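The plan is to go from the whole fold down to one residue.

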Amino acid sequence: KQQLREEADYRREGAQMRAFAERLSGEPGFTIPRLDDELSTGRILAMSYEEGVPIESMADESQELRNDIMARLIDLVGRELFDFGVMQTDPNFANYRYNHEQNAIVLLDFGATREVSPQVQASYRTLLKAGLSNDRDAVRHAAVSTGFIGAAAITSHAERIDRMIDVILGEMNAGGPFDFGDRAFVPVFREEGTAIARDRATWHLPPTDTLFVQRKISGTALLAARLQAVVNVRDIVSDILQRTSA
């Protein structure tokens, strides 16, 4: 049974690799290895070798290139969430490489690919629209509706949560690009978040699907911080929401 499950997982990963390659076909900014059916088996995926350096090594490159790389990856996350309806949810740095000659990001390992339900898509769309509108009350309500925050935390720690929301809204609506290398807002989140976490009566676990999506979003932000990228996230998010609107 274990072997059958592993073989099914490999087949699923191979299918997702092909699907992502088709979705990104013709786009010079990304490269996905080509699967070799003749050499692949039930437990081995044979694929083309793609030149590239570790994505984190790009921290030594020009600011312009670092910004461009992260703008592409942030846009890709949005497309996975709202356009593809399928997301590779493992943002491990090892799953990205950069090909200098092709100026392309190499995408690897599609084993953690998951479908994004229409409900999760709608929840994130509502949350992001509230953020773009600079509406604290709407963001708070959407955060509870999506399962990010439990109602008990809102009741017991409303002021702390509002301070955290205000920081996010301030950054999102400041105008211009967001500097991922500037961590000035981190102490506020650490202080307020730690205080809330101490209150076990308000502990809350978000839905599983939301946790996987958030893992991808958080991991992408960590990579942006590693590269100290400066990206106009607001414009990217606004564009994605407009392109994928029903």
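Before judging size, I note the rule: the radius of gyration is taken over C-alpha atoms, and the globule rule is 2.2 Å times the number of residues to the power 0.38. I also keep in mind that this is a predicted model.

Overall size. I put the 246 residues into the rule, and a compact globule would have a radius of gyration near 18 Å. The chain has 19 Å, so it agrees with the rule. I then looked up the box along the principal axes, and the C-alpha atoms fill roughly 60 × 50 × 35 Å.

Fold. I found 9 helices and 8 strands in the chain. For contacts between residues at least 6 apart in sequence, I got 75% joining residues at least 24 apart.

Inside and surface. I looked up burial next: buried residues make up 43% of the 246. The chain exposes about 13,500 Å², and 51% of that comes from carbon and sulfur atoms.

Charges. I have 28 positive and 37 negative charges in the chain. Their mean positions sit 6 Å apart.

One residue up close. I picked Gln 16, which lies in helix α1, residues 2-23. Is Gln 16 buried or exposed? Its relative accessible area is 19%, and the cut-off for buried is under 20%, so Gln 16 counts as buried.

What does Gln 16 touch, leaving aside its neighbours within four places in sequence? I wrote down Arg 23, Val 86, Phe 110 and Thr 113 as its contacts. Of these, Arg 23 falls within the residue range of helix α1, 2-23.

Conventions
Residues are numbered from 1 along each chain as its sequence is written. This is a predicted model: local features need pLDDT of at least 70, side-chain atom pairs count only at pLDDT 80 or more; totals for chains, interfaces and linings use all residues. Side-chain values use heavy atoms; hydrogens and water are left out. Helices (H or I, at least four residues) and strands (E, at least two) are DSSP runs, numbered from the N terminus. Buried means under 20% relative accessible area, exposed over 50%, partly exposed in between (1.4 Å probe, protein chains only). Contact means heavy atoms within 4.5 Å. Accessible areas come from the Shrake-Rupley method with a 1.4 Å probe; for residues, only the protein chains shown count as cover. Lys and Arg count as positive and Asp and Glu as negative; His and the chain ends are not counted. The place of a charge is taken as NZ of Lys, CZ of Arg, CG of Asp or CD of Glu.
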